[in-house]
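Trainee: I would like a close look at a single part of this model, the place where the two chains meet. Please take me through it and then through the parts that lie behind it.

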Amino acid sequence: MNFLSHVVTWFTMGSHWHGSNGIPHRVFEHVVMSAAAVGAAVVVAIPPSLVLGHLRRFGAVAINFSNAGRAVPSFAVLVLAAQVIGIGAEPAFIALFVLAIPPLVTNSYVGMADVDAEISESAKGMGMTGWQSVWRVELPVALPVVLAGVRTAAVQVVATATLAALVAWGGLGRYIIDGLAQRDFVQVFAGAVLVALLSVLTELSLALVQRFTVSAGLTHRHRDKNEPFVGAATAVTPT
Amino acid sequence: MPGPAVLAQIHEPWIRWDWVSSHTGVITHDLREHVVLTLIAVGVGMLISVPLAIVARRWHWFEAPVLSATGILYTIPSVALLALLVPWTGLTRTTAEIALVSYTLLILIRNIVAGLAGVPPDVREAAEGMGYSRARQLLRVELPLAVPVIVAGIRIAVVTTIGLVTVTALIGQGGLGQLILDGLYRDFRTEVVVGSALCVALATVADLTLVGIQRLAMPWTRKRGTT
């Protein structure tokens, strides 16, 4: 109980709400860095994966991408990036960008490749061109799976951005890494609370985006939450 | 503007084999530690998941709360979960294991439940018709048929845990993560490379071993593309 009251005191101290080591600034850094990494990965990874999924080419590569990604620890990716580029914001960005790619590739590919052939055929039957069929029929049908990939990537990036404090970058990880170094467990705990909150918020806000952008006609088909993890399809990895 | 540390790094080779050969003791110690941390995590994870999944299968109202609770645990970053535990359980292996076990739960429970749910109803009815009790039906019919999906879950849990173990280096555990962290602090690339490469190798070997065991123990799953 005593410990928790110290944590509460930590949060109420004015000095923790100002300046470059203040909570608002650390949250800002964390969010901007994560958004930049995920945004760049979305631009680079999703379009080619959608095309490959539509053509159903290189499926094994696309699907095994996230399996292989799971075997490479994000911690190792981050430290290796620091060894190549040096410390600071750049290695953090590069590592987070790299980590965001596998779930985006796999989910975009699987989403497009799993669109029922009947659906694209009826689009053709209605007189749609190939492009119209992709844009107006296949993509909306694939969207839930594609967005699930974005959500996975984003949650993973927000989590790993915490570790980026190890390569001398800011973000909320600073409280945890510095706290551990100074054996200041109150700071460690407070940092962990902030990181956990930010992760859950990321997950929830992207779930909301998913709800509002996915066609109503599709939603009940994806009610079955109890799909097993089967190596490939929807790649969720804790970090 | 590269500082002196960065300049030194440019001349540092990616791997110094003389260091590797003179430190095989440290490397095998960390590797063994990594394997032990992973085995305990997935083992304890199974001990918790199997009963929870069976209960969730039988009493459906239990399924949603179990899956959402483990789902929330799954969303919390490992560094944060470790940090939340440190004030209570210290910089210990217990802290590392609590975190590692909690990440296996969602994967394992979800796959056990899905595996049990995937047993065809006519098979179940046949067992019932043959006079199998509920317990016997579960043990002799449903669980064996669910094994491919359960093994798929174990594989993912093992590979995921091998990656996560590295993070526990931050609280003084970590197996091969110790090498990576030490390499980072000392600006010594060889340690980082050896630690990372062994991690990937360990995950690959573990995954292939599980596939091999499954094929040997259940030859009928070979053709079904469950791997």
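**Where chain A meets chain B**

Mentor: This is a predicted model. In it, 40 residues of chain A are in contact with 46 residues of chain B. On the chain A side, the elements that give two or more residues are α3 (59-71), α4 (74-85), α7 (130-163), α8 (173-181) and α9 (185-213) of chain A. Of these, α9(A) gives the most, with ten residues. Sorted by class, this side of chain A has 26 nonpolar, ten polar and four charged residues.

Take α3(A) next. Helix α3(A) has 13 residues, and from its first C-alpha to its last it reaches 19 Å, close to the 18 Å expected at 1.5 Å a residue. There is a bend of about 30 degrees in α3(A) at A:Phe65.

Helix α5 (residues 89-113) of chain A has 25 residues, which should span 36 Å at 1.5 Å a residue; its end C-alpha atoms are 37 Å apart, so the two values agree. Helix α5(A) bends by about 25 degrees at A:Ile101, and a proline, A:Pro102, follows within four residues. Because 20 of the 25 residues of α5(A) are buried, this helix is largely enclosed by the rest of the structure.

Now the nonpolar core. The largest one has 128 residues, and those with the most contacts inside it are A:Leu78, A:Leu96, A:Ala100, A:Val157, B:Ala83 and B:Ile180. Helix α7(A) supplies the largest share of this core, 15 residues.

Leaving out residues up to four places away in sequence, B:Ile180 touches A:Phe75, A:Ala76 and A:Val79 from chain A, and B:Thr166, B:Ala169, B:Glu191, B:Val192, B:Gly195 and B:Ser196 from chain B.

Last, chain B as a whole. Chain B has ten helices and zero strands. The C-alpha atoms of chain B fill a box of roughly 75 × 40 × 30 Å, taken along the principal axes. Of its 227 residues, 44% count as buried. Among the contacts in chain B with a separation of 6 or more, 72% are between residues 24 or more positions apart.

Key: Residues numbered from 1 in each chain as written. Chains lettered and ligands numbered in written order. Predicted model: local features only at pLDDT ≥ 70, side-chain atom pairs only at ≥ 80, totals over all residues. Buried ≥ 20, exposed ≤ 12 C-beta atoms within 10 Å, placed from the backbone. Contact = placed C-beta atoms within 7 Å. Nonpolar A, V, L, I, M, F, W, Y, C, P; charged D, E, K, R; others polar. Expected span 1.5 Å × (residues − 1). Bend = angle between axes of the 7 residues up to and from the residue. Core = buried A, V, L, I, M, F, W, Y, C linked by C-beta atoms within 7 Å.
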